[in-house]
Amino acid sequence: MADTREVVDDNESGSDHWSYQEPSRWWFTSAAFPMIAATLGPAASTFSICALVKPWRQHLPPGATIDTASYIDDPPWLTAINATQLGIAVLANMALFLNMSRRVSFTIAQPITIVGWYISSFALIALTATASGPLIVEPAAELIWSQAFYYAIYAAVLYFLIASLMLLTYLSALTGHSPKDFALTASQRTLMLQTLMFLLYLLIGALVFTAIEGWSYLDGFYWAAVTLFTVGLGDFYPTTPLAKGLLVPFALVGIITLGLVIGSIRSLVIDRGKTRLGARLLEKMRRRTLKRIRQRGNVEILVPHRHDPALTELERREREFALMRRVQTTTARRRRWGSMLVSTGSWLVLWLVGAYVFQRCEEPYQGWNYRDSFYFAFISLTTIGYGDLTPISNAGKSFWVFWAMTALPTMTVFISDASDTVVRLIRDGTDWVARLTILPGEDSFRKDLKKFLRMLSFGLLLGQDVKQARDGQLEDPRPGHPTSADTRADEDETPELLRNNIPDPEAAVPYMPSADQGFSWLARAEEGARGTHANAEPTKSSRSQSPSIPFTFPSTRQDYLITLVNEIRRVTRHLKRDPPRKYSFREWAWYLRLIGENEADADMHRRPKLGPRHQLGDSQSSKRQHQPPQQDMGPARPNDGFDWHKQQRQQRTNSLELGQSPQPANGFA
């Protein structure tokens, strides 16, 4: 137990462990928060513009309608302060964009952005509080607030939110938890620019159709939002020939732009966020698994084996690999269903709370009850838009625009999570039923039935009978014989056989034969670790493998470099596969062997050989470094300044970022 704790603690204190967690731990402050702020900043400024174009008060005498209610001019000081805060907010937006484009330094731009948005938020809060108190005119029963007043409230909320997010980002950068330069990708910047262009298009389109149809500008803005969000409530529609003609290009361009925004949201919030969140959840699951193993006392899988004739170090690492695979599978399933639960809850909150707000807004004017607003919110969220119920109050129209913009990313994430869970479950279930009835697959009926029962029981039944293929599909491989068409089609992408020390990139790849037909470096290492048991019967674990690795390790530097280039090219193709390719343990061990590690040697796990010019800086790392025998390392390390340690760390970093190459072998040992 003491040895195990020493091994695990040594692992978890290493730089590789923290580099594995750090990107996901502070990703929100370094990338997500700035991206959200840069996206919502223009939306808040859009609402500020709507709050400035019209007075905040209207006079509604008895018997009149909201459309005929006259505006009450605002005091000049209120308009001046409102225009000033809008200018400050635009300046804060520009400072953030210039900082992201690295035109202005972080220490100058971020205080301007944060202080500017806080000033705009507090100014709008003060103005709305003043308007709802001292500016009330008599008779108070005939005074109503215009749409501009409510847009000012929404802008104040958004300014305060994004200023707080950027404050957290600024503090994390000052404390050294995240870099001062935003780690934004091209797709993230594209999302921000697409959102800005869409909002400008919405404002300009509202201005044009307002001038043609004679609407109020805020009614035109509400109509433009209803149109481009493809809801089509029918309360406002073009009546003149010119407006009908302009509607065609306006709607086409606007809907396409909105589709691009939705695609960018899905790519960033789901795909990239899923990778970061998945890495963090995987690390937590790994820690819990280690703790559970310690508590149960079943620690032999964690202790390196150097002199145990019953279990070689290679077999122990293979068991460890399988355990980490189960951890990855469980983590991925929990992440998918956890995301589905969160997105479903967010969608329900948006639906139910939105229905309540609509009911309170429309009850004085149309007598809506909660059932009516519940129905209206649903047909708006799903873009059905029958038009039998529409908001007519100033509060209802303005809230619909704010609520619809909030619903856009929520619905995008909800639909994507549903496709990864519920839709996927139904699709897989339909496929299995088809295999068991009228459309048999490539495997036998018995094997398909076992897989189906295992899927229904989430791995509780027949979990040991069904193995996982290297391509991520369930299969029961036999030595020397691939069992699926996908595996056979992928033979040209597996590590290749070195014939006469000259690799052939286009040659077909044979599977490794049994021990009596040939010897690989893994077989020799396994025999050496067994000692007197070198001729023992192969274990079940080794028989179940169908490795496709070379027979021999390159013996010269030239052959090694050629092999390394070919394998890098092959792994690069693997990274583009969807679903991601999953490697077998033998393949994983082969690739680690190419970068200087040896899964069959307990002294060489995660410790490649370094030359004198590339020794680790700290004394502790130098003590931990082991020099393996030259015959086990293959070719000598080039003396041209190539850093093996940096290559290894960069490969692991790229694997984590892309979320496709597995991390089982460095998960526990």
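**Reading features in a predicted model**

Mentor: Start with Leu242, which lies in helix α9; helices (H or I, at least four residues) and strands (E, at least two) are DSSP runs, numbered from the N terminus. This is a predicted model, in which local features need pLDDT of at least 70 and side-chain atom pairs count only at pLDDT 80 or more, while totals for chains, interfaces and linings use all residues. Residues are numbered from 1 along each chain as its sequence is written, and side-chain values use heavy atoms, with hydrogens and water left out.

Trainee: Is Leu242 buried or exposed?

Mentor: Buried means under 20% relative accessible area, exposed over 50%, and partly exposed in between (1.4 Å probe, protein chains only). Leu242 has a relative accessible area of 52%, so Leu242 is exposed.

Trainee: What should the 28 residues of helix α7 span?

Mentor: The expected span is 1.5 Å times one less than the number of residues. For α7 (residues 186–213) this gives 40 Å, and the end C-alpha atoms are 40 Å apart, which agrees. Just after α7, Gly214 takes a positive phi of about 80°.

Trainee: Which residues touch the most other members of the largest nonpolar core?

Mentor: A nonpolar core is a set of buried Ala, Val, Leu, Ile, Met, Phe, Trp, Tyr and Cys residues joined through side-chain atoms within 4.5 Å. Among the 91 residues of the largest core, Trp117 and Trp400 touch the most other members. Helix α6 (residues 147–174) supplies the largest share of this core, 14 residues. Leaving aside neighbours within four places in sequence, Trp117 has contacts (heavy atoms within 4.5 Å) that include Ala37, Leu96, Tyr159 and Met166.

Trainee: What is Ser380 in contact with, beyond its neighbours within four places in sequence?

Mentor: Ser380, in helix α11 (residues 370–381), is in contact with Val231, Leu233, Trp400 and Trp403 beyond those neighbours. Ser380 is buried, at a relative accessible area of 6%.

Trainee: How many salt bridges does the structure hold?

Mentor: Side chains of opposite charge can pair when their charged atoms come close. The criterion is a side-chain nitrogen of Lys or Arg within 4 Å of a carboxyl oxygen of Asp or Glu, and the structure holds six such bridges. In one of them, Lys397 and Asp219 have their closest N and O atoms 3.3 Å apart. That pair links helix α12 (residues 394–420) with helix α8 (residues 217–228), 178 residues apart. Lys397 is buried at 3% relative accessibility, and Asp219 is buried at 10%.

Trainee: Why are Glu320 and Arg316 separated by about one helical turn?

Mentor: An α-helix has 3.6 residues a turn, so residues three or four places apart point the same way. Glu320 and Arg316 are four residues apart in helix α10 (residues 313–366), so about one helical turn separates them. Their side chains meet in a salt bridge (3.1 Å, N to O), and both residues are buried. Salt bridges with shared partners join Arg316, Arg317 and Glu320 into one network.
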